[in-house]
Amino acid sequence: MDSAAVDRFEASRGRLASLAYRLLGSAADAEDAVQDTFLRWQAADRERVEVPEAWLTKVVTNLCLDQLRSAQARRERAAGAWLPEPLLEGDPMLGPADTFEQRESVSLAVLTLMERLSPVERAAYVLREAFSYPHAEIARILDITESASQQHVHRARRRVAAERRGDEVDPASARRIVEEFLAAATSGRTERLVAMLTADVTAVSDGYGLAKRLLRYKTRERVASYVRAGFKPTPAKRRLAGGSPAMHIALVNGSPAVLAVVDDRVVGAVAFEVSDSKVAFLRGIAAADRLTRLNEAWREHESDAPFINAW
């Protein structure tokens, strides 16, 4: 392949990766889809490709759709053990992030909600909301009619809006809320923690990556109990983490989060959805394969001093 063709692909790589991540919810799978797209670009009769960017977008989208439709993916997601892969603020895969719709489309909440959409609805929604493609272009990418594209996006918007719980929170407010939450979680005062939770709060955990299914907790009392137990240090937890973690506050997929870090390695993340300055949803992620890219970014990240030096 000539250097001009490689350069043309590389100019689109970041956009293709961002699109694939939104469709698959996994940075590793997104990178694989982009690499497969490159191989197809390498093998293509490029003289017959009129608009390379459109061709590449169609290929990566359809590779992602094939994966979403695969029997293995359906089994994994239906088994109740799937969570999106969290990404640290500033990761290029989170872009574009200029509008509320673009930022929302990559939040852990919306990536999870999109699991309830059909693959085509998910693709139409992402192409429209995150990348502002006109319906005529979405129709060409997905091999559907323009009317069908409009219907898919309308249904997807309605479902996401109906189940959305958190607010967009500015970084300073997010940090303050998480600091208060951490102080409450480690204080031993359960009533203080309960007061920071919404009436319909939910917590989901992958059980340190050991559980076959996600662990779910509802009601303020049960969530507070889970949080108190989770943030209580024990020798067994320290052995599992490989040491005594420091607790850092960060932004993950645009949401406030607590990261447990041992020797510059993130061993767990708790991401928050906030509504009216209270915590509406928590996602606890500690499976190592879900933290790979976040760890890579963390090692290059200029982090603030930990909120808790040694847990």
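What percentage of the 311 residues in the protein chain is made up of buried residues? In this predicted model, buried residues account for 49% of the chain. The secondary structure of the protein chain consists of 14 helices and six strands. The chain is as compact as a globular protein of its length, because its radius of gyration is 20 Å, close to the 19 Å that the globule rule gives for 311 residues. Along its principal axes, the C-alpha trace spans about 65 × 40 × 35 Å.

The protein chain exposes about 14800 Å², of which carbon and sulfur atoms supply 49%.

In soluble globular proteins, nonpolar side chains tend to be buried together. In the present model, the largest nonpolar core has 45 residues, and those with the most contacts inside it are Tyr21, Val126 and Leu142. The elements that give two or more residues to this core are α1 (3-24), α2 (27-43), α3 (52-69), α6 (108-113), α7 (119-129), α8 (135-142) and α9 (146-163), and the most is given by α1, with nine residues. When neighbours within four places in sequence are left aside, Tyr21 is in contact with Ser26, Ala27, Ala30, Glu85, Pro86, Leu87, Met93, Leu94, Val106, Leu111 and Asn253. Apart from this core lies another, of 35 residues, which includes Leu182, Ala185, Val194 and Val227.

Helix α7 is mostly covered, since nine of its eleven residues are buried. These buried residues are Val120, Glu121, Arg122, Ala123, Ala124, Tyr125, Val126, Leu127 and Glu129, and what covers them includes α1, α3, α5, α6, α8 and α9.

Glutamate 104 is located in helix α5, which comprises residues 100-104. Its relative accessible area is 8%, and the cut-off for a buried residue is under 20%, so glutamate 104 counts as buried. Not counting residues up to four places away in sequence, glutamate 104 touches Val110, Tyr125 and Arg164; of these, Tyr125 is itself among the buried residues of α7.

Conventions:
Residues numbered from 1 in each chain as written. Predicted model: local features only at pLDDT ≥ 70, side-chain atom pairs only at ≥ 80, totals over all residues. Heavy atoms only, no water. Helix = DSSP H or I, 4+ residues; strand = E, 2+ residues; numbered from the N terminus. Buried < 20%, exposed > 50% of the residue type's maximum accessible area, 1.4 Å probe, protein only. Contact = heavy atoms within 4.5 Å. Rg over C-alpha atoms; globule rule 2.2 N^0.38 Å. Areas by Shrake-Rupley, 256 points an atom, 1.4 Å probe, with all protein chains shown as cover. Core = buried A, V, L, I, M, F, W, Y, C linked by side-chain atoms within 4.5 Å.
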